[in-house]
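Please look through the structure below slowly, one part at a time, and keep it in view while you read the paragraphs that follow.

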Amino acid sequence: MVKEIERTGLPVVHMCTVVPISLTVGANRIIPTVAIPHPLGNPAIEKKDEVTLRRKLVERALKALETEVSDQTVFED
Amino acid sequence: MKVVHYINQFFAGIGGEEKADVKPEMREGVVGPGMALQAALKPEAEIVATIICGDSYFNENIDEAKATILEMVKQHDPDLFIAGPAFNAGRYGVAAGTIAAAVQEELGIPALSGMYVENPGADMFKKDVLMVSTRDSAAGMRDAVKKMAPLAKKLLAGEELGSPEDEGYMARGVRKNLFRDDRGSKRAVDMLIKKLAGEEFETEFPMPEFDRVEPSPAIKDITKAKIALVTSGGIVPKGNPDRIESSSASKYGKYDIDGWTDLTEDNAETAHGGYDPVYANQDADRVLPVDVLRQMEKDGKIGELHRYFYTTVGNGTAVASSKGFAKEIGAELVADGVDAVILTST
C-alpha cells in the first residue's frame, strides 16, 4: 500500500513496529513504533504519558515527511 | 539424525493473538504440526525438540528472541532445523525465516522452512533459506509436509537438490551449470520463433523483479500541509459499518472524521483479526493517531488533517488486493489536494 500511494508522487511515512517488513514492502520513510497491537500507544502507562508518547512519534513522522531522502530511511529517535 | 523444529504459539496450542507475546520455550519431542512431520521423516530422522515462540514477541524483540532460540538450538546440536510451515501468517513467516537464516549462518546447521509465496517472510529470506512454497492456510498442512519431508531428507543426506519446480521450493536465484542437447544459439532462436508466433515459451534467465518506488519529494512547510491518515490496522467506526473482513480483506473503508477530536471505545474499533484487538478497541488512537493530529491542526503545527481516513485489514490480504485499494486511495488523495500521507500498520 505504501508503495502504491507513493507512486502517485505523495510522500508517505510508514509507522510500524516490524521494520524489516516495512523495508521489504518498499516504504521509503519509516518510523519504528511501540508494539504490534498498539503501534502508537502503550496501555501500561498513564493516559497523559501515552498521549505524549504518541505525539512524539507523530512529530517524528512529520519530520520525516519534511526530510528529503534518496533511499529507504529508518528514522530512529 | 536429529531435527529441531520451530513453531509459533498458535500451532503449539498455547493460544491465538492474546498469547502472541509469549517468550521462547523449548519442549522435548514433537508438538502440534511436528507430529505429521515426524511421521514423514521416519526412520531417517527424529524431531528431538520443539521451540515455541509468540509471533508478536519474536517480531517486537527480534535480537533477544534470536539469541535465546539460538542457545536452545545449540543445546541439541541438531543435523537439521525446520521452521514452520507458516502459510500466510506474516509475523510467523518473518520469525521462521529470521531464525532459520540465523541457525544456518551462526550455527552452520542446514535449515528448511515453508510458507505461502506472499508471506513477507518469503521475500525476505527465500534467497538464504530453502523454503517450500505452501498454500495460504493451514488447510495446506498435508501438502506442505509432503513437500518438506523429502527435502529435509535430502538435506540430511547431503544429496543434491533438484530444480525448484521439481522439488516445490522457492527459487533462490542460484545458477547451476548443466548440459543441454541443443546449443545456446539454437535455443535462443527457438524461443524467438515461439515469441513471434505468440506461443508460450520459458525463459532460461528470468529477470529479478525490482519493484521499488522512488521516494517522493519532502514537504517544504508542514505547517501548511494537508495530511491524510491511512491504515492497514483495520480501524473502523464502531460497528464496522462496511463489514471489512477480519482477514483476507476484499475492500477498504473511507470514513469522514470531520469534527472528530478523539477516537474512543464508543466511536471506533478495529476489524483486524491478526493482532490482539483489546488495546485498539479501548483507544483506536493507538493505531490511528487522530487525537494528536487534531490537536496539532489546532496548534498550527500542520495545515490540516484530511477530512477522510482510509482503512483496511492487512491480515492475509492478497498483495494484488492491497495494490488495487492503494491505487484508488492514492488517486483520491491526489484529487483531494492532500500533500502527504501517514500510513500506520500493526
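In which loop of chain B does Pro43(B) lie? In this predicted model, Pro43(B) is found in the loop between helix 1 (34-41) and strand 3 (46-53) of chain B, and the peptide bond that joins Lys42(B) to Pro43(B) is cis, with omega at about 0 degrees. Another cis peptide bond joins Gly84(B) and Pro85(B), where omega is about 10 degrees, and Pro85(B) sits in the loop between strand 4 (80-83) and helix 4 of chain B. A further backbone detail can be found at Asp77(B), whose phi is near 40 degrees, a positive value in a residue other than glycine; Asp77(B) belongs to the loop between helix 3 (62-76) and strand 4 of chain B.

Together, domain 1 of chain B and domain 2 of chain B bury about 440 Å² between them, with 44% of it on carbon and sulfur atoms. On the side of domain 1 of chain B, the residues that lose the most area to domain 2 of chain B are Glu17(B), Asn88(B) and Glu118(B), which together account for 82% of what that side buries. Between domain 1 of chain B and domain 2 of chain B there are zero salt bridges, although two residue pairs, both at pLDDT 80 or more, are in polar contact.

Now turn to chain A, whose secondary structure comes to three helices and three strands, arranged along the sequence in the pattern α-β-α-β-α-β. Taken along the principal axes, the C-alpha atoms of chain A fill a box of roughly 40 × 25 × 20 Å.

How do the two chains meet? The size of an interface is often given as the accessible area lost when the parts come together. For chain B and chain A, the buried area is about 4,700 Å², of which carbon and sulfur atoms give 66%. In chain B, the residues that lose the most area to chain A are Val213(B), Arg286(B) and Leu343(B), together 15% of what that side buries. Counted by residues, 60 of chain B are in contact with 51 of chain A.

Another salt bridge is formed by Asp291(B) with Arg54(A), and here the closest N and O atoms are 2.6 Å apart. The interface of chain B and chain A also has 20 residue pairs in polar contact, both residues being at pLDDT 80 or more.

Several elements of chain B give two or more residues to the side that touches chain A, among them helix 2 (55-60), helix 5 (120-125), strand 7 (226-231) and helix 10 (290-298). The largest share of that side, nine residues, comes from helix 11 of chain B. By class, the side of chain B that touches chain A has 31 nonpolar, 11 polar and 18 charged residues.

Finally, follow the strands across the boundary of the chains. Strand 1 (residues 12-16) of chain A pairs with strand 13 of chain B in the parallel sense, over four bridges. Within this pairing, which residue of strand 13 of chain B is the bridge partner of Met15(A)? The partner is Thr344(B).

How values were computed: Residues are numbered from 1 along each chain as its sequence is written. Chains are lettered from A and ligands numbered from 1 in the order in which they are written. This is a predicted model: local features need pLDDT of at least 70, side-chain atom pairs count only at pLDDT 80 or more; totals for chains, interfaces and linings use all residues. Side-chain values use heavy atoms; hydrogens and water are left out. Contact means heavy atoms within 4.5 Å. Buried area is the accessible area (1.4 Å probe) that two parts lose on being put together, summed over both. A salt bridge is a side-chain nitrogen of Lys or Arg within 4 Å of a carboxyl oxygen of Asp or Glu. A polar contact is a pair of N or O atoms within 3.5 Å; within protein, one must be able to donate a hydrogen and the other to accept it, and residues adjacent in sequence count only if both atoms are side-chain atoms. Ala, Val, Leu, Ile, Met, Phe, Trp, Tyr, Cys and Pro count as nonpolar, Asp, Glu, Lys and Arg as charged, and the others, Gly among them, as polar. Two strands pair if DSSP finds at least two bridges between them.
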